[in-house]
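Me: I have a structure open and I want to learn how to read it. Can we go through it feature by feature?

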Amino acid sequence: MKLIGIVGSNAAFSYNRLLLEFIAKTYKKSFEMEVLEITDIPLFNQSDDQTNSPEIQKFNQKIMAADGVIIATPEHNRTITPALNSIIEWLSFKIHPLDKKPVMIVGASWYDQGTSRAQLHLRQILEAPGVGAYVFPGNEFLLGEAKEAFDENNNIKDPGTVKFLGEMLDKFGRYVTIINELERPAKPVAAPEDLFATGKIDTTIEGVDMYAEDWVEQAAEKVNAAEGNDYVKLDRGVLTVDQLNHFLNSMPMELTFADSNNQFLYYNHMKPAEEMLASRTPGQAGNPLAKCHPESKHGSVQWVIQQLRSGASECISVNVPTHGPDKYVVHNYQAIRDYEGNYIGINEYIHDLKPTIDWYLQQTGQELVGSKTDSVSSATATDSVSSATANDSTTDSVSSASQTNPVETIEATDSVSGASQNH
């Protein structure tokens, strides 16, 4: 947490400066605080606008970048100093960095009142329209008899006072967190996903029943698709359709492509369905994603797609531990984007990491250690899938695995087979 401390006096010596410096050094493990001086701040004069001066802009930029502000005010004639009032005037004239900013008031005085009247007046000023600060309510730190309160190292001598100050600062830290969370812009609500693919995109093949078992054959005939020994010009290569198929089928992972219209268009047909980590059948190609999952799981499928479509996540990964102790199967959901960065679909790739892990350990001579390393059954805290849990029945299904996103279980019978991730 980053705080700004403002010394409310422009005097060469100030107990309020000592108080802020004590706070900064004593509680540096709880927060970082930079102390700002008002010694060079000109008196406020709206006829001589100093808003863009380096002195005012320094305060403006520092406060805007901070999570909260602590102001230490002396008391002069039952109120704050003219110098402190001037900086607040400048910061509420044409710029408003204190608006909705959490602010805590403290003060030190020569006498036993502890700046109580100045603090009350400062609270009224900070809450005035145009300033708009969120002043920490119901708490006052009044350091009276300041000339006796500090030792030769400028530390507060009384342990009870230090304890009380620490408790107040801890509460203020929590107050800052709450206020900043309340003021955080609401996340836009993602548009519902059309899992039935009733819309149309540039690459949609119309006039073919998406539910047809021979959709691939019908769609290929409809668009006169290249096949066999026909050449395809790729980004950096020229391959025949047969070469492209063989190349994709040789990948050491299962690949699935669903377009931005939520239509399942492709999987690399490398094995029979019963031998796959996530079963797919030839007749599923062309189906809308709604057909690939039970209705009860559509909400979870929508969440995954919305994360990728919106850019909130570019890849979501989850371990599915139901394949037996000899495997560590990971489902990855990677957003696919065109050259301009537009979302065009999902690349789901599924692979068993255990052979790679075993090979790495053999090559390096390293060993896995810890209570949960048998059969590589758990991931480390830095693993990209460490926050995910999963379980399924006969097909790959993923249970909710996020403390902050209650993702439902997704039956992994097809592409976008379900995922979870902490955010």
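Me: Leaving aside its neighbours within four places in sequence, which residues is Ile 105 in contact with?
Reply: Keep in mind that this is a predicted model. For Ile 105 the list is Ile 71, Thr 73, Gln 119, Leu 122, Arg 123, Leu 126, Val 135 and Phe 141.

Me: Where does Ile 105 lie?
Reply: Look for the element that holds the residue. Ile 105 is part of strand 4, which covers residues 102-108.

Me: Is Ile 105 buried or exposed?
Reply: Check the relative accessible area against the cut-off: buried means under 20%. Ile 105 has 3%, so it is buried.

Me: Now a helix. Where is Asn 60 found?
Reply: Asn 60 sits in helix 2, residues 54-65.

Me: Why does Asn 60 count as buried?
Reply: Use the cut-off again, under 20%. The relative accessibility of Asn 60 is 6%, so Asn 60 counts as buried.

Me: Which side chain makes a polar contact with the side chain of Asn 60?
Reply: That of Gln 57, at 3.2 Å. Beyond four places in sequence, Asn 60 also has contacts with Leu 91, Ile 95 and Pro 97.

Me: How do I read a pair of helices? At roughly what angle do helix 3 and helix 4 cross?
Reply: Take the two axes, then their distance and angle. Helix 3 (residues 82-90) and helix 4 (residues 116-126) have axes that come within 11 Å and cross at roughly 15°. Angles under 35 degrees count as roughly parallel, so helix 3 is roughly parallel to helix 4. Their crossing is right-handed.

Me: Which residues make the contact of these helices?
Reply: Helix 3 supplies Leu 84, Asn 85 and Ile 88, while helix 4 supplies Leu 122, Ile 125 and Leu 126. Sort them by type next: 5 are nonpolar, 1 is polar and none is charged.

Me: Let us zoom out. How many helices and strands does the chain have?
Reply: Count the elements: 10 helices and 15 strands. Then look at burial: 44% of the 423 residues are buried. Last, look at sequence separation. Of the contacts in the chain with a separation of 6 or more, 63% are between residues 24 or more positions apart.

Technical notes
Residues are numbered from 1 along each chain as its sequence is written. This is a predicted model: local features need pLDDT of at least 70, side-chain atom pairs count only at pLDDT 80 or more; totals for chains, interfaces and linings use all residues. Side-chain values use heavy atoms; hydrogens and water are left out. Helices (H or I, at least four residues) and strands (E, at least two) are DSSP runs, numbered from the N terminus. Buried means under 20% relative accessible area, exposed over 50%, partly exposed in between (1.4 Å probe, protein chains only). A polar contact is a pair of N or O atoms within 3.5 Å; within protein, one must be able to donate a hydrogen and the other to accept it, and residues adjacent in sequence count only if both atoms are side-chain atoms. Contact means heavy atoms within 4.5 Å. Axes are lines fitted to C-alpha atoms, for helices over the stretch in contact, and angles run from 0 to 180 degrees between N-to-C directions. Angles under 35 degrees count as roughly parallel, over 145 as roughly antiparallel, 65 to 115 as roughly perpendicular and the rest as oblique. A crossing is left-handed if the near helix is turned anticlockwise from the far one by less than a right angle, and right-handed if clockwise. Ala, Val, Leu, Ile, Met, Phe, Trp, Tyr, Cys and Pro count as nonpolar, Asp, Glu, Lys and Arg as charged, and the others, Gly among them, as polar.
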